[in-house]
Number of protein chains: 2
Amino acid sequence: MTASERTGGPRPSKFGLGSRTDLRESAVDYLTERIQSGDWPVGQQIPTESELAAEAGISRNTIREAVSSLVHTGLLERRQGSGTFVVSQSELTGLFERHLSSKDRQDVLEIRLALEVVAAALAATRRTDEDIEGLLASMTARRETADRNDVDGYVEADLQLHRQFVRAAQNPLLIELYDSMLEGFRETIASYFIETGDPCHEEHEALVHAIIAGDPLNAAIELRVFLDSHLYHVESTAWPRVHQEVGSREV
Amino acid sequence: MTASERTGGPRPSKFGLGSRTDLRESAVDYLTERIQSGDWPVGQQIPTESELAAEAGISRNTIREAVSSLVHTGLLERRQGSGTFVVSQSELTGLFERHLSSKDRQDVLEIRLALEVVAAALAATRRTDEDIEGLLASMTARRETADRNDVDGYVEADLQLHRQFVRAAQNPLLIELYDSMLEGFRETIASYFIETGDPCHEEHEALVHAIIAGDPLNAAIELRVFLDSHLYHVESTAWPRVHQEVGSREV
DNA sequence: GAGCATTTGTTCGTATGTATA
DNA sequence: GTATACATACGAACAAATGCT
C-alpha cells in the first residue's frame, strides 16, 4: 500500500540487442557473448557488478545471478575484494575439469583416442592447403624442441600438431570437444616424453604424411598405433595394440 | 551505524554437511546432490525458493543465485507462477542440447562414431557376463520390434543395445559423454529405419558376436561399417567407407 | 470469467567481509 | 592503518504469471 515508484517487478528494459522476456537470461547471453567473442580475454577483469548493472539498465541483483551462473560453469571467477575475472572461453572446459580432475588418466586417454582417430581420418579427406602448411610447421617445431630437450616447448608443439589436424577435420563440435579436453593432455604428454625419452617422431611423421596424402585409413591406423603406446605406458593390459595384429602400414 | 542484528555480510552458516566459505556454492552443491542422487527425480517440482531458503537457513536471494546456476546448466527449469522443476540429472546433457540442437546431424554422427568405435573395442576386452546377457536381450528386442514394424520400440531397443556395449567398455567418462548425447541420436536412428527399411540386423549381430568373442579389432570394424552407412545416408562424400577398402570380416 | 493465493521475477537499500593502495 | 573498492549476504517490497475456486 505504501506509495513507491520504481521498485520490484519486471520492467521493460532494452538490453543492447535482442530483448528477451527473461532479464537474467539476457544478461547471461550478454556476458557470454563478450567472453566468447574475445572482447574480454581470458585473465582480464570484467566491470564491477554495479557498472554492469548500470550499463545494462538492470539491477545489481539480477546481473549478479547471471554472473553466478557463469562462475558456476567455469567461465568466470570471483574474488571478493578484487573483482570478477575471465578464466575460460568455453563452457565445456570448466565442466570437463570438474569431471575429470580426479579421474583416471586412462579414461581420458581413451576418449582422446576416440576423438583423434576419427579426426585423423576426416582430416585426411578434408584438409586444406593451410592445414597442410600448419601441420608441417608444427612437425618441424616438434623436432627442434625435442632435439634441444626443451620439454615445455615440445609439449606445446605436440599439442599444436594434434590440435591442427583435429581442426582439419572440419567438424566444429569435434573441435570444441577436443579443445575442451586439451589442457588435461599436457601432463600425460610431458610425462611420457620425460620417462621414455621417445618423441615419437616416426609415428607422427607417418600420420602427417597419411593426412597430406589423403589416406584416411592409414591416418587412423598410424594415430592409433601411436596412442596405443601411450595407453600401454599409463598401464593397460586390456587394450589391444593394433600394430601387433595388423602390421604397421599396409592393410 | 544503525543497530541491526542479522543483516549483511557473510555469516557463519552450517549447511547440512560440509560448511564452505561460500554460501552460494554450498547451496549449489546441496541442490546438485539432491538432483543427482535421484532424491528429486526428473520432472518433479522442487521446494519453493522461500522453503529452500528457510530450510537451509539462508536468504532467498542467495538460494536464488544457486538455483539460477542450475537453471543455466540445464538441471532445473523455472516456470513463473508454477515453480521450479528438475529436467535433467547430468550437466552435460543440457550443455550438449544447447550446443548441438541446430548443428548438422553429420557432426553429431561423427562424434558418435568416434565414441562407439573405441567403446566397441574396449567392450570386447572388458565385458562381463551381465553385459553379454543384456546385449543378447537387446538384440532379441531389436529383431522383434523391427519384425512388427514398431518404430518407437525399435529405436528404443537399438538405443538400449548401443548404450549397453558402451557401458561394457567400463569407462565412466565415456559412458557419461555418450549418455549425454543419446537423445540426439533418436531422430537419426528413426529416420534411417523408416527411409531405408533396413534394421541392420546382420551388422549388429556381427558386432555383438565380436564383443562376446573378445575380438576388439573386429568389433571396431563391424561398428564402423555399420555407422558408415548412416553417415552416407545423412550425406557424405568425404567419409571413406572402410568395408570397401578392407573387406568385411577378416583383416 | 472474476477473484485469490502461490510462486517466480525484479528491484532497492543496507550492512559486512576482504583485498588493495 | 585507514580509506576505498569490491564482492557477499540479508531483508523487504512490488510485479507478473500461473492455477485454483
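Let's start with a question: which residue forms a salt bridge with Asp179(B)? The partner is Arg163(B), and the closest N and O atoms are 3.1 Å apart. By salt bridge I mean a side-chain nitrogen of Lys or Arg within 4 Å of a carboxyl oxygen of Asp or Glu. Asp179(B) lies in helix H8 (residues 172–196) of chain B, and Arg163(B) lies in helix H7 (residues 151–168) of chain B, so the pair ties together parts that are 16 residues apart in sequence. Helices here are DSSP runs of H or I with at least four residues, strands are runs of E with at least two, and both are numbered from the N terminus.

Now the ground rules. This is a predicted model: local features need pLDDT of at least 70, side-chain atom pairs count only at pLDDT 80 or more, and totals for chains, interfaces and linings use all residues. Residues are numbered from 1 along each chain as its sequence is written, chains are lettered from A and ligands numbered from 1 in the order in which they are written, and side-chain values use heavy atoms, with hydrogens and water left out.

Back to our pair. Is it buried or exposed? Asp179(B) is partly exposed, at 21% relative accessible area. Arg163(B) is partly exposed too, at 25%. The cut-offs: buried is under 20% relative accessible area, exposed is over 50%, and partly exposed is in between, with a 1.4 Å probe and protein chains only.

Next, a pair in chain A. Asp158(A) and Arg142(A) meet in a salt bridge, 2.8 Å from N to O. Asp158(A) sits in helix H7 (residues 151–168) of chain A and Arg142(A) in helix H6 (residues 129–147) of chain A, so this pair ties together parts that are 16 residues apart in sequence. Asp158(A) counts as buried, at 2% relative accessibility. Arg142(A) is buried as well, at 0%.

How many salt bridges does the structure hold over all chains? The count is 35. One of them joins Arg64(B) to Glu65(A), with the closest N and O atoms 2.8 Å apart. That pair crosses between chains, from helix H3 (residues 60–73) of chain B to helix H3 (residues 60–73) of chain A. Arg64(B) is partly exposed, at 23% relative accessible area. Glu65(A) counts as buried, at 6% relative accessibility.

There is also a network. Salt bridges with shared partners join Glu49(A), Arg60(A), Arg64(A), Arg78(A) and Glu65(B).

In chain A, helix H2 (residues 49–56) packs on H3(A) at about 110°, with the axes 9 Å apart. Axes are lines fitted to C-alpha atoms, for helices over the stretch in contact, and angles run from 0 to 180 degrees between N-to-C directions. H2(A) and H3(A) are therefore roughly perpendicular to each other. That label covers 65 to 115 degrees; under 35 is roughly parallel, over 145 roughly antiparallel, and the rest oblique.

Which residues meet there? Glu49(A), Ser50(A), Leu52(A) and Ala53(A) in H2(A) meet Arg60(A), Ile63(A) and Arg64(A) in H3(A). Contact means heavy atoms within 4.5 Å.

Chain B next. The axes of helix H2 (residues 49–56) of chain B and H3(B) come within 9 Å and cross at roughly 110°. That makes H2(B) roughly perpendicular to H3(B). Here Glu49(B), Ser50(B), Leu52(B) and Ala53(B) meet Arg60(B), Ile63(B) and Arg64(B).

On to the sheet. Chain B has an open sheet of three strands, in the order E1-E3-E2, with antiparallel pairing. Strands E1 (45–46) and E2 (76–79) of chain B stand at the edges with a single partner strand each, so one side of each is left without a neighbour in the sheet. Strands pair if DSSP finds at least two bridges between them. Two bridges join E1(B) to strand E3 (residues 83–86) of chain B. Ile46(B) has Thr84(B) as its bridge partner. Four bridges join E2(B) to E3(B), and Arg79(B) stands opposite Gly83(B). E2(B) and E3(B) form a hairpin with three residues between them, and Gly81(B) in the turn has a positive phi of about 90°.

Last, chain A as a whole. Chain A has 11 helices and three strands. Buried residues make up 52% of its 251 residues.
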